[in-house]
Each structure stands twice: as structure tokens, then as C-alpha cells.
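Work through the exercises below with the sequence and structure open. Each task is followed by its solution.

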Amino acid sequence: MTDMTQDYADLAPSASAKFYGRILPILLFALLVVVIPFLGPSRTMYSLLNVMAINIVFALSYNMLLGRCGLLSFGHAVYYGLGGYCAVHAMTFIEAGTSPFWANFPVFGLPLVGFAGGALAGAIIGWPSCRRAGTPFAMISLGVAELIAAAGFMFLSFFGGEMGVSGDRMNGPQLFGLSMGPVEDVYWFMAFWVVAGLLGMYAFTRTPLGKLSEATRDNPQRVQFIGYDPTRVRYLVFIAAGAFAGMAGGMSAVNYEIFTPEAVSLIPSGFVLIMAYVGGIGYFVGPVLGAVLLTFMQSMLSDYTEAWLLYLGVLFISIVMFAPGGLAGIVFGLAHTARHGETGTVLKRWGGQAAGIGLALAGLIVLVEVSTRWSNGYGEVFEPFGLHLTFTNPLTWVLIVVPFAAGVAILRRLSREEDPA
Amino acid sequence: MTNALEITDLRKSFGPAQIINGVNLTIPRGERHAVIGPNGAGKSTLFNLVSGLFAPSSGSVRLNGEEIGGMKPFLINRRGLSRSFQVSNIFAKMTVRENVRCGVLHSLGQGYSFWRNIGSQRDVQEKTSAVLEHCGLIDKANTPAALLPYADQRALEIAITIAGGAEVILLDEPTAGMSHSETDRAVALIEKATEGKTLIIVEHDMGVVFNLADRISVLVYGEIVATGTPEQIRNDPKVREAYLGEDVEDAA
């Protein structure tokens with residue numbers, strides 16, 4: 001028996017694997033966050049990055065439910081919003097300065113107020129709704145979202161009605177010498193909390209509860225037979241997800257200095273679902289990618305085209321249908337083939353796929369841009385590269401049909417080559 | 001000494017259908033007990049009643065003298081009764097090691113903790129490794145469970161079942177769908193893994209049953225028609241008539 005004894009540490013990933021797989025990516029992320037200001041970003045860029053930070057934390061908190069616990073929620077903005085409202089109210093208390101506690105509370109710490117508010121909301125609302133899983137849970141979450149959104153216009157002292165509740169972040173004691181006034185100061189605040197949120201949620205995945213959450217996602221029945229109550233697991237995860245969503249709400253309260261009932265509506269609830277799913281719910285890093293891309297699209301693409309939501313919809317549907325692993329799945333898949341495939345064939349296939357997607361997308365873009373302008377009826381014409389593409393111009397239709405058909409043909413051919421059956 | 005399991009006049013009906021019709025069964029500690037019977041006799045239902053998946057319609061189930069009938073499965077499990085399933089019932093997206101580790105957690109007092117790093121719990125890692133080694137899965141520790149070959153999935157099913165160190169183990173057709181050599185390995189694993197424990201096993205393979213069991217109960221239409229040593233069961237004319245036919249001769 002003695003020579004049978006295992007070195008038990010052998011089973012766990014080696015120290016270097018742990019470093020490269022877990023610690024290094026987080027260090028790189030933190031490094032990137034610290035380096036960005038030294039590249040001299042514009043004010044617009046700063047604002048964009050600040051919103052990205054909020055959305056990264058929000059999307060990661062959503063994935064604690066969907067990706068890690070198998071709970072599809074249509075109302076995650078409820079916890080974001082309630083946490084945010086708590087934070088913005090706290091901001092007004094700081095401004096008033098009448099209570100010694102709030103007078104000495106730095107604005108920098110408001111995400112903690114949001115965290116507590118989100119956790120409390122999760123604990124109260126999750127108590128009944130986590131008694132169900134699967135479709136009933138999704139339905140309940142939708143009902144709760146409607147309920148809270150309706151309450152937003154009824155309970156004026158808390159939600160502030162249509163005007164919302166606003167505050168001023170330049171009050172109270174300063175932390176780290178940040179006045180919180182200029183957008184650069186807000187950036188450092190966001191930098192701190194996005195890294196803290198990411199670390200916190202990553203650490204959660206490494207705890208016994210985090211692992212039980214995955215087990216409950218995979219097989220709630222079996223969880224009962226290893227001594228755990230899946231309802232309790234879901235409830236605790238739900239509270240944690242609500243807390244981190246509330247933290248994102250607190251970050252948002254500081255960023256915008258206002259919270260309106262729209263924040264608890266179905267629109268942000270849907271947006272966070274799309275962010276997490278497009279990024280890839282099967283990977284911890286997925287929602288980060290989704291949040292970065294969608295925040296970028298939301299603020300940049302909307303400057304170029306009024307149809308950006310339509311493109312977002314197309315992106316979401318394409319991901320659901322053709323790349324259910326999301327952006328992270330695509331990235332890790334490419335990395336895997338790059339490591340294990342033959343470089344020549346791999347490059348050829350990627351080139352083909354990129355060309356196919358690009359062509360199909362070009363046709364689609366022409367169709368969307370021409371038809372939105374035509375439908376608006378202002379006589380505006382889509383003029384890419386000096387072309388004059390009116391609704392009646394035959395060239396328009398050629399430029400829609402030919403690239404789209406060619407793109408689809410290429411993609412079909414490639415997928416047939418890959419899977420001859 | 002109290003018995004490991006005492007089932008008294010246990011009944012279960014789904015609507016008008018009576019599936020379990022007054023089962024009485026006493027299993028002393030340390031016994032290996034097999035439940036056999038034709039398809040639809042209610043063997044799996046009996047397991048589901050004992051393990052808490054279903055609540056009995058009437059009657060009592062006592063584990064170490066304590067009533068457990070109608071308790072939630074996780075509470076029964078915490079009292080020291082663990083079961084496997086006829087169809088592999090594992091955590092498919094997690095690795096083999098993570099599967100077993102989940103099974104180990106509660107017995108080591110980890111509870112629902114979210115303030116500890118699972119990787120730095122030395123006792124958890126050691127017990128996980130010990131169970132994996134015991135079940136011959138140590139080479140596949142980092143394989144995602146869904147990618148395991150069928151026989152290994154069955155072994156994992158047993159590994160998760162025994163991981164919590166339960167004293168009473170219920171195995172539901174652990175060798176179903178296995179080849180001869182796989183069955184032999186599974187039986188060896190079951191013998192090793194349940195040493196000193198109380199084992200109750202539902203099994204169709206008569207070779208396995210007669211090799212493994214100290215006593216056998218025959219369940220027909222929700223009633224136990226006979227209980228006894230393999231020898232007694234083999235020679236019981238009622239059993240032969242009701243169910244076994246010539247199978248017994250072949251197996252012996």
C-alpha cells in the first residue's frame with residue numbers, strides 16, 4: 001500500500017499552469033487598465049471606457065446566473081437598478097452631510113453601497129423566485145422585472161419618478177486624492193472597481209459554492225444526492241449575482257450622477273443578457289469580451305448608423321445559431337486550431353470564412369442602409385465610396401444580392417468541406 | 001445493534017397505480033443485499049422511496065433506527081445513505097475530478113462556503129484523489145465527464161456515490177449495458193468500494209447478484225415474494241416459478 005500512495009498535489013494543475021491560466025490573465029487585465037491613461041485617451045474614450053467598466057461588472061454578474069448556475073434571468077437589471085438607486089441616494093446623503101456616517105463616507109466607496117443594496121434585493125426577491133428553476137424561473141424573473149419597472153413610476157420617494165434621483169459625486173472625503181470631478185478621476189475609480197469586481201467574481205468560481213453552482217447547473221437532481229439542496233445553492237448564487245449587479249449599479253451612479261426608472265426596466269435586462277451571451281457564457285472571460293464589444297457598438301456604431309440595433313440583433317442571432325460559444329468560444333477555438341492544425345490549411349480556412357462573412361455582411365449592410373433611408377422618406381441616399389445607391393438603382397440590388405449570395409455560398413462550401421457527411 | 005435499514009409496510013401509488021404494495025425488509029449493518037425482480041416490479045421505485053426522491057404513500061423507512069421516509073434527498077444523504085442511478089447521472093460539463101470533489105464536499109464540512117478557496121482545502125484534495133484512485137479514474141481525473149467512455153461513466157457514477165463516505169450504499173443496476181470484462185471490473189470495484197459498508201444493489205445480471213450478495217430479495221409486482229441467502233433463493237420453488245426460471249441454473 002505504501003508505494004501506492006499518490007502525491008495528491010499531482011492532480012491539481014501545476015503551479016505554472018495555474019499562473020498562466022488564472023493569475024497572468026488577471027494581471028494583464030489590471031496592467032492594461034493601468035496603462036491606458038498613459039496612452040492619452042480622449043475624453044470620449046474615457047467616457048466609453050468608464051461605461052465599459054460598468055458593463056463588464058454587470059455582464060459578469062449576469063453570467064454568475066446564466067453561465068455558471070444555468071439560471072436564465074430576464075430581469076437582472078432589477079438588482080443593478082436597485083443597487084444603483086441605493087448608491088445615488090447615499091450620494092445625496094453624502095452631499096447633505098447631516099449624518100456623521102455619510103458625511104465621512106467617500107464617494108469612491110459607493111459601489112459597496114450598491115453591492116449591499118443588490119444583495120439585499122437579491123435576498124428578498126430571490127427567496128420566492130429561486131424555488132423554481134428552468135423556464136418557471138425565467139418567467140418569474142420577467143414578472144419581477146415588470147413589477148419593479150412599474151414600481152419605478154409609483155414610489156416616487158425612492159425612484160424619483162420620471163426625473164429619477166440625481167446627486168453630485170464631488171462631495172464627501174476624497175480617497176487616493178481623487179476629486180471625482182474630471183472624467184480622468186472617474187476612470188481611476190472605475191479601474192479600481194472593475195478589477196475588484198472581476199477578482200471577486202473569479203474568486204467566487206473557485207469556492208465550494210461556486211463549484212456547487214456549476215454542479216447544480218449540470219444536474220440539480222444529483223446535487224440532492226451528494227448532500228446539498230439545489231434550491232439553497234441557487235438562492236445563494238442569486239444573492240451573490242444580485243450583489244455584483246448592484247455594484248455595477250453603484251459604479252453607474254457615480255458615473256452618471258443620476259438614476260432613472262429606465263435602469264430597472266426590461267431594456268438593460270435584455271442588453272446584459274445579449275452582452276453575456278455574445279461574449280460567451282461558457283467562459284469566465286466571455287462576458288468581459290461581450291461587454292467591451294457591445295459597449296463599443298452602442299456608443300460608436302450608433303454615431304454612424306441609426307440601424308445599429310438591427311446589426312446588434314443580427315449579431316446576437318448569428319452567435320446563438322452559429323457560434324453558441326460566443327466571442328470567447330471563437331477566440332479559444334481559433335487558438336486551439338492554430339496550435340493543433342496545419343498552419344497552411346488553417347489559414348486558408350480562416351481566410352475563406354472571413355471572406356464569406358465579410359461578403360454576406362456587406363450585402364446585408366447595403367440592404368439595411370438603403371432601406372432605412374428609403375423608409376425614412378427624407379430623400380437621403382446611401383453613398384459609400386462615392387456610389388449613389390438609391391432604392392431604385394439596379395446597382396443597389398446587385399450590390400445586395402451578389403455579395404450576400406457569394407458570401408453564403410462560400411460559407412456553405414467551407415462547412416461542407418469540414419464535415420463531408 | 002440497530003439495523004442499517006428497516007422498511008416496514010412501505011406503499012407507493014401513483015394515482016390508481018399501486019407500484020409498491022407493502023414491502024417489508026430489514027437489512028443488518030454490513031450486509032450486501034441484492035434486490036432482483038422482473039422489469040416493472042418496482043425495484044427503482046423502491047430505491048427512489050428509500051433515497052427520498054419520492055415520498056412514500058404510507059409505511060416507514062428507518063435508517064439506523066431513524067425514520068427517513070418522506071425526507072428530502074439531501075437530508076437523507078447527510079444521514080449516511082448514498083445512491084447511484086441506473087442512467088449515468090453525473091455533472092457532465094465538469095471534469096472527473098470536479099465531479100468527485102463535489103461529492104466529497106459535504107462530508108468534509110465545507111457546507112455552502114464562498115469564503116474558502118476550494119483548491120487550498122487539503123483534506124478535500126486528498127479525499128478526492130483517494131476516491132479517484134479507488135475507482136480507477138485517476139488517469140482520467142482532468143477529462144470532462146461527458147467525454148468519458150460508458151464504462152468509465154458508470155465507474156464515476158459509483159465514485160460520486162461513495163465519495164461522501166456514506167455507510168449505506170444503494171446501487172441501481174451498476175453493470176447495466178456493460179460487456180463481460182467491464183462487468184468483472186465493475187464488480188471488483190463495487191466489492192472494494194463497499195467493504196465494511198451496507199450495500200443494497202438492484203441488478204439484472206444474475207452472475208453478479210449471486211457472486212456479490214449475502215442475501216437476496218425478490219420483488220414481484222411491488223411485493224417481496226422471498227428473501228434469503230443465494231442458496232435459499234436458488235432453491236425456492238416459488239421464486240423459480242414466479243421469476244427466475246432456468247436463469248438460476250445458468251448463473252450457478
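Helices (H or I, at least four residues) and strands (E, at least two) are DSSP runs, numbered from the N terminus, and two strands pair if DSSP finds at least two bridges between them. The model is predicted: local features need pLDDT of at least 70, side-chain atom pairs count only at pLDDT 80 or more, and totals for chains, interfaces and linings use all residues. Residues are numbered from 1 along each chain as its sequence is written, while chains are lettered from A and ligands numbered from 1 in the order in which they are written.

**Exercise 1.** State the order of the strands in the open sheet of chain B.

Solution. The six strands of chain B follow the order β6-β7-β8-β3-β9-β10, and their pairing is mixed. Next, find the edges: β6 (81-83) and β10 (223-228) of chain B each pair on one side only.

**Exercise 2.** Determine how β6(B) is joined to β7(B).

Solution. β6(B) and β7 (residues 168-172) of chain B run parallel, joined by three bridges. In one of the bridged positions, B:Ser82 has B:Ile169 of β7(B) as its partner.

**Exercise 3.** Describe the contact between the chains, starting with its residues.

Solution. Count residues as in contact if their C-beta atoms, placed from the backbone, lie within 7 Å. Chain A then supplies 28 residues and chain B 36 residues. On the side of chain A that touches chain B, the elements giving two or more residues are α9 (208-218), α10 (220-224) and α11 (230-256) of chain A. Of these, α9(A) gives the most, with eight residues.

Methods. Two residues are in contact if their C-beta atoms, placed from the backbone, lie within 7 Å.
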